[in-house]
Amino acid sequence: MVVRRRVDDALDDLKSRREEGRSGGGTRRIEAQHRRGKLTARERIDLLFDQGSFEELDPFALHRATEFGLADQRTLGDAVVTGYGKVNGRLTFVYSQDFTVLGGSLSEVVGKKICKAMDLAANSGAPMVGLIDSGGARIQEGVLSLAGYADIFLRNVRSSGVIPQISVILGPAAGGATYSPALTDFIFMVKGTGQMYITGPDVIKAVTGEVVTHEQLGGADSHASRSGVAHYSLDSEETCLGEVRRLLGFLPQNNMEDPPRYDAFDDPTRSDDELLYIIPDNANAHYDMTQIIGHVVDDGDFMQVHEAFARNVIVGFARMDGRSVGVVAQQPSHLAGVLDINASDKAARFVRFCDAFNIPLVTFIDVPGFLPGADQEYGGIIRHGAKLIYAYAEASVPKISVLTRKAYGGAYIVMSSKGLLGDINYAWPTAEIAVMGPEGAVNIIYRDEISSADDPDAIRNQLVQDYADRLVNPYIAASHGLIDDVIDPADTRSKIISALEMLENKREELRNASMGVFHS
Ligand code: HXC
């Protein structure tokens with residue numbers, strides 16, 4: 001007779017407990033999850049991590065609540081799966097809310113599991129990704145559940161600027177629960193299933209009478225294009241988690257590291273004549289700045305952030321000779337690339353992120369100024385525009401800019417100018433730097449001459465031409481050291497790469513703003 005050893009029995013018991021935990025809320029609820037068009041917490045984890053690399057934490061955690069029938073509703077691991085694994089070979093932590101267990105609601109124990117993973121991520125200096133699909137605070141647990149959210153918010157804040165934090169909204173995120181994602185660096189949402197709002201459609205209807213659907217109010221497209229709460233709106237969970245992996249590839253593990261450098265296949269000295277033909281001859285005609293970015297960065301690979309929001313400014317990640325860079329640029333084909341409230345917020349936030357995580361900034365400038373209008377003034381354009389000045393002035397990462405066409409007025413100063421400690425400021429020969437465009441300038445400084453002339457239009461045109469010839473070019477700024485060099489557009493890539501190499505060991509203590517600029 002074969003005698004079973006105690007350890008074999010114990011292993012069988014462990015295995016069956018694990019299997020029980022892995023089935024979450026059970027077959028019926030998993031099927032319901034799939035019918036809703038959603039994957040389970042574990043299927044999502046499989047998509048996020050390199051195959052077989054995930055290590056789970058606390059799979060045997062159980063909630064302690066007994067009220068409202070909860071004593072009979074205990075699921076191993078409760079309503080969240082937590083742990084760590086590798087994303088493209090690099091350590092990353094995750095919590096993945098399990099909607100099949102009490103609607104993914106946040107109990108005291110769920111909060112503690114999430115916080116443990118967050119603490120490990122912060123202490124090991126690795127990114128934290130939250131996969132969110134939850135009915136919010138577990139109603140039956142009352143204040144303990146609210147306290148769990150407070151513990152998460154605190155960690156979100158303490159880890160801000162220390163490790164990258166990403167939130168992926170794959171189901172509901174309602175009420176105060178939305179504030180954890182809002183405190184993280186990037187929010188990804190899936191169309192049709194990911195929804196975020198402080199108060200849902202029913203409450204809104206009761207309070208204000210407005211009728212709005214869940215998707216209109218808090219869906220991925222609404223947040224990616226209107227509110228700006230979400231940075232990405234994607235069609236499926238598979239694509240979404242693939243993009244999270246892609247984004248992590250541009251980022252360092254924490255604020256003490258540089259971003260990873262990859263072997264580049266794109267020639268760093270590549271000259272590109274097509275850059276000569278993107279800007280139209282007519283100074284007021286539009287062009288698409290993403291074309292310029294695409295020709296300059298490695299392999300044309302540019303991952304925009306906030307693509308659908310405040311489209312007059314472009315921000316995103318790319319690589320130059322294998323190094324990650326944060327790109328900020330105007331988009332002349334949308335509102336002429338003007339700076340307004342949303343564009344200022346979008347760019348300022350991105351600049352601050354790059355500065356916190358040692359990602360050099362490459363800025364492409366073509367800006368006619370700040371958007372005029374009572375709406376903008378009442379909305380606080382002064383307050384919002386100031387954030388962008390603050391962000392650029394404070395950023396100590398390498399700052400390289402390329403002025404492709406216009407830089408007028410305050411917007412010239414804001415966009416990584418020498419005065420705000422831009423390290424290298426290049427201009428294309430087509431660049432114009434002035435307090436304002438020639439028409440506006442002439443109308444102000446020659447008002448009397450124009451109004452008293454026999455032929456005001458003729459004299460105005462002549463004065464505009466004269467003003468443009470004398471002042472609107474890059475050479476005056478270059479003669480004062482405010483532009484470091486005027487470059488052939490075809491050489492933009494090699495010039496930026498060379499500047500990035502030169503600045504590789506940049507360490508900025510508090511520099512005097514006038515350093516590097518000639519004064520007469
Ligand atoms: C406990 C919950 C729950 C919750 C859902 N469930 N939310 N259990 N606490 N907060 C349970 C449901 O009872 C149900 O259990 C299961 O999860 C699935 O929910 P359904 O309603 O069947 O799913 P669906 O139709 O897809 O609707 C999802 C939902 C809805 C929109 C999230 O469940 C909902 O409105 N829930 C309440 C949301 C809410 O008000 N939460 C509090 C927000 S305030 P069974 O057993 O039937 O399957 C908040 C404060 C945070 O979170 C403050 C932080 C500072």
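The model is predicted, so local features are described only at pLDDT of at least 70 and side-chain atom pairs only at pLDDT 80 or more, while totals for chains, interfaces and linings use all residues. Residues are numbered from 1 along each chain as its sequence is written, and side-chain values use heavy atoms, with hydrogens and water left out.

Helices (H or I, at least four residues) and strands (E, at least two) are DSSP runs, numbered from the N terminus. Along the principal axes, the C-alpha atoms fill a box of roughly 110 × 55 × 40 Å. Of the 520 residues in the chain, 52% are buried; buried means under 20% relative accessible area, exposed over 50%, and partly exposed in between, with a 1.4 Å probe and protein chains only. The accessible surface of the chain comes to about 24100 Å², and 53% of this surface belongs to carbon and sulfur atoms. Accessible areas come from the Shrake-Rupley method with a 1.4 Å probe, and for residues only the protein chains shown count as cover. Among contacts (heavy atoms within 4.5 Å) between residues at least 6 apart in sequence, 73% join residues at least 24 apart.

The ligand comes next. It is surrounded by 19 residues, of which the closest are R29, R36, G103, G135 and A137; a residue is near a molecule or strand if one of its heavy atoms lies within 4 Å of it. The shell is made up of 10 nonpolar, six polar and three charged residues. In this grouping, Ala, Val, Leu, Ile, Met, Phe, Trp, Tyr, Cys and Pro count as nonpolar, Asp, Glu, Lys and Arg as charged, and the others, Gly among them, as polar. Helix α5 (143–159) and strand β6 (172–174) each supply at least two residues of the shell, and α5 gives the most, with three. An N or O atom in the side chain of R29 is 2.9 Å from a ligand oxygen, and for the side chain of R36 the distance is 3.1 Å. G103 takes part through a backbone N or O atom, 3.0 Å from an oxygen of the ligand. The protein covers 56% of the 1000 Å² of accessible area that the ligand has on its own.

In α20 (residues 492–502), T492, R493, I496, I497, A499 and L500 are buried. These residues lie on the same side of α20 because they cover an arc of only 160° around the axis, the arc being that of the directions from the helix axis to the C-beta atoms. The partners of this buried set are α11 (289–296), β11 (313–320), β12 (323–330), β13 (361–367), β14 (399–408) and β15 (424–427). In α9 (residues 220–227), the buried residues are A220, S222, H223 and A224, and they pack against β7 (186–190), β8 (195–197), α8 and β9 (232–234). G228, with a positive phi near 75°, follows α9.

Helix α8 (residues 214–218) contains G218, which is buried at 0% relative accessibility. Leaving aside neighbours within four places in sequence, G218 is in contact with M189, G194, Q195, M196, Y197 and H223. From G218 to Y197 there are 21 residues in sequence, yet their C-alpha atoms are 5.4 Å apart.

Several loop residues complete the picture. D78 sits in the loop between β1 (55–57) and β2 (80–87) and is buried, with a relative accessible area of 3%. Not counting residues up to four places away in sequence, D78 touches A61, H63, V101, S107, V109, V110 and R138. The loop between β1 and β2 also holds D58, which has a positive phi of about 55° although it is not a glycine. D58 is partly exposed, at 22%.

Methods
Polar contact = N/O pair within 3.5 Å; in protein donor to acceptor, adjacent residues only side chain to side chain.
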